[in-house]
Amino acid sequence: CLYVNKQQYVSQVPIVPSFAFNVQANNYVTYYDDHRKSWSLLFDSEESIFELAKQVVLAKTNLQEKKDFVLLQDLVAGEEYPCRIGDTVECKYNLWSLSDHKIGKLLDTNYSSDKILTLQLGKGKETKGIEKAIVDMKENGRRFIAVSSSLAYGASGLSKLIPRDATLFYEIELLRVLDADKRASARSKARAIKVRQAREKSSKVETTEKESSNDAAAGDLAIDLSKSAASESKSESEETTTPVLGTSKPPPVAKKPRSL
């Protein structure tokens, strides 16, 4: 249930694995309640949204029946193009483990130092869960993630830092995609090629239409000339067969009969 305060009720929605809690810009959140009514709520601060979003992921984690799972909740959408397998990314992060069905104490972070975590996606150097969780994030994006033990550090854990069989929670902020400039350049070249091809195609169409127009004009001219020639021929024929006035022969003179 959501409340503005202890006295003012807002809405009720069951948290199920398919529930979508969408964090929007300017401190807005959208979701559907259990009656399929759409809600758009304005929060006082970004941090209050983040805390509620983390509790939504925690609830979904406690409902999980699958052994292998990765749950994603975007906190900030980010900018430009999403990262993908093969990219190298720079991140800031916080790391917690699941403890008594709650988000436990902070295990590790690089927010308190100048260190930046650099990851090469798809190289197999990181756990499967964290790579799967980061793929498609955008620069300056933030994401809260739950990763099952089987896709994290498993039964062995990690030294004294990660407990055995621990379900982990990450808050990842993607600072930069190091390969983004190359990809942007490739996209620009591809767009330039498409524009050039479109212009060439348009030019060919215009040339074909112009040629067709010229052919049609030439055909019309030939028809006109043919008509003109036929008309002149007809006129000459009429001039030849039609007698001119005063040119007809006079009638023959009758001869006088001989006297016997």
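Some ground rules before the details. Residues are numbered from 1 along each chain as its sequence is written, and side-chain values use heavy atoms, with hydrogens and water left out. Since this is a predicted model, local features need pLDDT of at least 70 and side-chain atom pairs count only at pLDDT 80 or more, while totals for chains, interfaces and linings use all residues.

I will start with helix 1. Helices are DSSP runs of H or I with at least four residues, strands are DSSP runs of E with at least two, and both are numbered from the N terminus. Helix 1 covers residues 46-63, which is 18 residues. The expected span of a helix is 1.5 Å times one less than its number of residues. For helix 1 that gives 26 Å, and the end C-alpha atoms are 26 Å apart, so the two agree.

Which residues of helix 1 are buried? Buried means under 20% relative accessible area, exposed means over 50%, and partly exposed is in between, using a 1.4 Å probe and protein chains only. The buried residues of helix 1 are Ile 49, Phe 50, Ala 53, Lys 54, Val 56, Val 57, Leu 58, Lys 60 and Thr 61.

Lys 54 takes us to the salt bridges. A salt bridge here is a side-chain nitrogen of Lys or Arg within 4 Å of a carboxyl oxygen of Asp or Glu. The structure holds six of these. In one of them, the side chains of Lys 54 and Glu 51 meet, at 3.7 Å from N to O. Both residues lie in helix 1, three residues apart, which is about one turn of the helix. Lys 54 counts as buried because its relative accessibility is 9%, whereas Glu 51, at 42%, counts as partly exposed.

Another salt bridge joins Glu 90 and Arg 176, with the closest N and O atoms 3.5 Å apart. Glu 90 lies in strand 7 (residues 88-99) and Arg 176 in strand 11, so this pair ties together parts that are 86 residues apart in sequence. Glu 90 is buried, with a relative accessible area of 17%, and Arg 176 is partly exposed at 43%.

In a further salt bridge, Asp 136 pairs with Arg 143, and the closest N and O atoms are 2.8 Å apart. Asp 136 is partly exposed, at 40%. Arg 143 is buried, at 4% relative accessibility. Salt bridges that share partners also join Glu 51, Lys 54, Arg 142 and Glu 171 into one network.

Next is strand 10. Why is strand 10 described as largely enclosed by the rest of the structure? Because seven of its seven residues are buried. Both faces are covered: Gly 141, Arg 143, Ile 145 and Val 147 are buried on one side, and Arg 142, Phe 144 and Ala 146 on the other.

What are the neighbours of strand 10 in the sheet? Two strands pair if DSSP finds at least two bridges between them. Strand 6 (residues 70-76) pairs with strand 10 in the antiparallel sense over six bridges. Within that strand 10, Ile 145 is the bridge partner of Leu 72. Strand 11 also pairs with strand 10 in the antiparallel sense, over seven bridges. There, Gly 141 has Leu 174 of strand 11 as its bridge partner.

Now the cores. A nonpolar core is a set of buried Ala, Val, Leu, Ile, Met, Phe, Trp, Tyr and Cys residues joined through side-chain atoms within 4.5 Å. The largest one has 24 residues, of which Cys 83, Val 89, Ile 134, Leu 168, Tyr 170 and Ile 172 touch the most other members. Strand 7, helix 2 (128-134), strand 10 and strand 11 each supply at least two residues of this core. Strand 11 gives the most, with five residues. Apart from this core lies another, of 23 residues, among them Leu 41, Ala 53, Leu 71 and Phe 169.

For Tyr 170, contact means heavy atoms within 4.5 Å. Leaving aside neighbours within four places in sequence, Tyr 170 is in contact with residues including Trp 96, Ile 130, Arg 143 and Tyr 153.

Last, two loop residues. Asn 27 lies in the loop between strand 3 (22-23) and strand 4 (28-32). Its phi is near 65 degrees, a positive value in a residue other than glycine. Ser 159, in the loop between strand 10 (141-147) and strand 11 (168-177), has a positive phi too, near 50 degrees. Asn 27 is partly exposed at 23%, and Ser 159 is exposed at 72%.
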